[in-house]
Amino acid sequence: MSEHPRDTPQFYLTAPSPCPYLPGREERKVFTHLVGDKAASLNDVLTQGGFRRSQSIAYRPACEGCKACVSVRICVDDFTPSRSFRRVQADNADLIGQIKPATPTSEQYALFRSYVTGRHGTGGMADMSVLDYAMMVEDTHVHTRLVEYRKRGPDSRIIPRGTGDLMAVALTDVLTDGLSMVYSFYNPQVHDRSLGTFLILDHITRARQMGLPYVYLGYWVQGSRKMDYKRRYLPQERLTPHGWERVEK
């Protein structure tokens, strides 16, 4: 029996399960573990190849006869916000995001529960406990950060932090070529700010300031209404069998 080196990733295939995006279809995923000293570099390579990270697992769809899930990344340097995007930025100019280590807090979990209950009450995360949330945040072997968004305070110009209630949170991986938005959530009772859109726009700004060319949004699924918003951030690149292809409109 041969043995594989510990640094060599091993890939596995899940059993079929109902597709969460397209009714009447089944999904399968290929996945591997992101552990050890080379986890960060492996995450970089796999993300560039269309994988997503969930805790210490990197996965991508491997569905028979279906290629609906398409990896999307925003081209940061060429992105120019539309009028509606500029309006969202103006509506949230009083918010500031503070970068923090990937450490869960009770305040985050309270906001997470409110978001999941209000926006995804029947989804796969509906039953996540505080321990499940903690694992989602801190079970990482790559360069992961949290961005907490609050209203600007008197010292926000000096120290990049806000004050008051937590408005939104983004769990983000820092890659060598971009920021990968792993998961984000926000106050679901605030309807006039378009906070989900603002978080993406803010990450585009952050990536540009860091000299990173991309913001990875995960999968766009044609035919899925809840994933259709990702088409709006142009120009973007979509991963095809021929590699990343640029989309302008």
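Predicted model: local features only at pLDDT ≥ 70, side-chain atom pairs only at ≥ 80, totals over all residues.
User: What rules apply to the model and its numbering?
Analyst: Local features need pLDDT of at least 70, side-chain atom pairs count only at pLDDT 80 or more, and totals for chains, interfaces and linings use all residues. Residues are numbered from 1 along each chain as its sequence is written, and side-chain values use heavy atoms, without hydrogens and water.

User: Which residues make the contact of H3 with H4?
Analyst: Gln108, Tyr109 and Phe112 of H3 meet Val130, Tyr133 and Met136 of H4. Contact means heavy atoms within 4.5 Å.

User: What makes a set of residues a nonpolar core?
Analyst: Its members are buried Ala, Val, Leu, Ile, Met, Phe, Trp, Tyr and Cys residues, joined through side-chain atoms within 4.5 Å. Buried means under 20% relative accessible area. The largest such core here has 45 residues, and Phe112 and Leu217 are among those with the most contacts inside it. Helix H5 (residues 195–209) gives the largest share, seven residues.

User: Why do S1 and S5 count as edges?
Analyst: The open sheet runs S1-S4-S6-S5, with antiparallel pairing. Strands pair if DSSP finds at least two bridges between them; S5 and S6 (residues 57–61) have three. S1 (12–13) and S5 (52–54) each have a single partner strand, so one side of each lacks a neighbour in the sheet.

Technical notes. Helix = DSSP H or I, 4+ residues; strand = E, 2+ residues; numbered from the N terminus. Buried < 20%, exposed > 50% of the residue type's maximum accessible area, 1.4 Å probe, protein only.
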